[in-house]
Amino acid sequence: MTGAVACVLALLFGLGSAFVPLLNAEAFAAASGAFALAVGAVAVLGLALGQSVGKLLLFEAGRRGHERIRTLQRVTASRWGLRVTHLPAGRRTGGLTVLASAALGLPPLAVVSVAAGSAGQPRSVFFVLCLTGRVLRFAAVAAPVAVASTGSLPLV
């Protein structure tokens, strides 16, 4: 597989997995680790970019429908869910919440994306932190597969 094909496939898969939980982005990242380093790295970047664009669309939905979302939160959200939705609003916690969610998966990035949009977090801050966290997460998933398939981590 060439780097261009890997990038396009990963980008599309990442975009789809941002909305469809059955499309497991981590599994795709792990599989990309079995390819040559350049192809795997391009696939990880494409996957992270696709997911970040998808989460940016959720962010925009949160920004545009924030009153409806807040009403829904008051009616249906659990106490934990309400706490999570307030984290992206804080000056100190907003960026860290997005980065932690994107890199670690907790709190769930879909929830954080909508909450960050409704909290008025700047788009550029959200996108950069989301992309950074996703690249770190997918690279961490792909690296062990690369090591297992080559016997060492091909960094050079």
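**Close-up views of a predicted helical chain**

View 1. F19 counts as partly exposed, because its relative accessibility is 41% (buried is under 20% relative accessible area, exposed over 50%, and partly exposed lies in between, with a 1.4 Å probe and protein chains only). The model is predicted: local features require pLDDT of at least 70 and side-chain atom pairs pLDDT 80 or more, whereas totals for chains, interfaces and linings use all residues. Residues are numbered from 1 along each chain as its sequence is written, and side-chain values use heavy atoms, without hydrogens or water. F19 is located in the loop between α1 and α2 (25–32); helices are DSSP runs of H or I with at least four residues, strands are runs of E with at least two, and both are numbered from the N terminus. Together with L11, L15, V20, L22, L23, L49, V53 and L57, F19 makes a nonpolar surface patch of about 750 Å². Two or more patch residues come from each of α1 (3–17) and α3 (37–64), and α3 gives the most, with three. Patch residues have over 30% relative accessible area and no salt bridge; nonpolar side chains (Val, Leu, Ile, Met, Phe, Trp, Tyr) are joined within 5 Å, like charges within 9 Å. Accessible areas follow the Shrake-Rupley method with a 1.4 Å probe, and for residues only the protein chains shown count as cover.

View 2. The structure holds three salt bridges, each defined as a side-chain nitrogen of Lys or Arg within 4 Å of a carboxyl oxygen of Asp or Glu. R123 pairs with E60, with 2.3 Å between the closest N and O atoms. This pair links distant parts of the chain, R123 in helix α8 and E60 in helix α3, 63 residues apart. Shared partners join E60, R64 and R123 into one network. The closest N and O atoms of R64 and E60 are 3.8 Å apart, and both residues lie in α3, four residues apart, about one turn of the helix. E60 is buried at 14% relative accessible area, R64 is exposed at 68%, and R123 is partly exposed at 41%.

**View 3. The salt bridge between R137 and E26.** The closest N and O atoms of R137 and E26 are 2.5 Å apart. R137 belongs to helix α8 (residues 123–150) and E26 to helix α2, so the pair ties together parts 111 residues apart in sequence. E26 is partly exposed, with 22% relative accessibility.
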